[in-house]
Amino acid sequence: MKTALVVDDALTVRLYHRQVLEDAGFEIDEAGNGIEALEKGLQRRFDLFLVDVNMPKMDGYRLVAEMRRREELRDIPVIMASTEAQPRDRELALLAGANLYLVKPVNGPLLQTQARLLVGAEPA
């Protein structure tokens, strides 16, 4: 089973993303900010990170940039999701190292399809 870490400071968003990805066949863990996510990512191997942009302590851009600097996290696919919908926001996410940028509220079936494609999982 593929694993994903859902990183968002909003509990309701984490629960929604958890449900969407569990329905796609992923085993889910959660983190409330970038620092917690980085710690979890260094303790356990995940197949995918789903990361919010605006969070306390360490935002999503910094988290992804830090992941790309660390050999053990460098190759893990990252989907960033944010309410920020300007082209510059997508550009910043991709420059930080994200594989994909989605605007919230995220379409569940789209997230499931994109997540499966990024990790090479079979369609559910």
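Visitor: What should I know before reading the model?

Guide: The model is predicted: local features need pLDDT of at least 70, side-chain atom pairs count only at pLDDT 80 or more, and totals for chains, interfaces and linings use all residues. Residues are numbered from 1 along each chain as its sequence is written, and side-chain values use heavy atoms, with hydrogens and water left out.

Visitor: How many residues does the largest nonpolar core have?

Guide: Start with the terms. A nonpolar core is a set of buried Ala, Val, Leu, Ile, Met, Phe, Trp, Tyr and Cys residues joined through side-chain atoms within 4.5 Å. Buried means under 20% relative accessible area, exposed over 50%, and partly exposed in between (1.4 Å probe, protein chains only). Here, the largest nonpolar core has 23 residues. V7, F49, V51, L63, V78 and M80 have the most contacts inside it.

Visitor: Which elements give two or more residues to this core?

Guide: Helices (H or I, at least four residues) and strands (E, at least two) are DSSP runs, numbered from the N terminus. The contributors are strand 1 (3-7), helix 2 (34-43), strand 3 (48-52), helix 3 (60-69), strand 4 (78-82) and helix 4 (87-96). Helix 3 gives the most, with 4 residues. A second, separate core has 17 residues, including A4, V20, A81 and V106.

Visitor: What does L63 touch?

Guide: Contact means heavy atoms within 4.5 Å. Residues up to four places away in sequence are not counted, and L63 touches V7, G34, A37, L38, V51 and M58.

Visitor: Which residues of helix 3 are buried?

Guide: They are G60, Y61, L63, V64, E66, M67 and R68. That is 7 of the 10 residues, so helix 3 is largely enclosed by the rest of the structure. The cover includes strand 1, helix 2, strand 3, strand 4 and helix 4.

Visitor: At what angle do helix 3 and helix 4 pack?

Guide: Axes are lines fitted to C-alpha atoms, for helices over the stretch in contact, and angles run from 0 to 180 degrees between N-to-C directions. Helix 3 and helix 4 pack at about 25 degrees, with their axes 8 Å apart. Angles under 35 degrees count as roughly parallel, over 145 as roughly antiparallel, 65 to 115 as roughly perpendicular and the rest as oblique. That makes helix 3 roughly parallel to helix 4. Y61, V64, A65 and R68 of helix 3 meet D89, L92, A93 and A96 of helix 4.

Visitor: How do helix 1 and helix 5 pack? What is their angle?

Guide: Helix 1 (residues 11-23) and helix 5 (residues 108-119) pack at about 55 degrees, with their axes 9 Å apart. That makes helix 1 oblique to helix 5. Y16, H17, V20, L21 and D23 in helix 1 meet G108, L111, Q112 and A115 in helix 5.

Visitor: Is A37 buried or exposed?

Guide: A37 is found in helix 2. At 0% relative accessibility, A37 counts as buried. Leaving aside neighbours within four places in sequence, A37 is in contact with L5, V7, A31, F49 and L63. The C-alpha atoms of A37 and L5 are separated by 7.5 Å, although the two are 32 residues apart along the chain.

Visitor: Where does V53 lie?

Guide: V53 lies in the loop between strand 3 and helix 3. V53 is buried, with a relative accessible area of 2%. The C-alpha atoms of V53 and S82 are separated by 5.6 Å, and the two are 29 residues apart along the chain.
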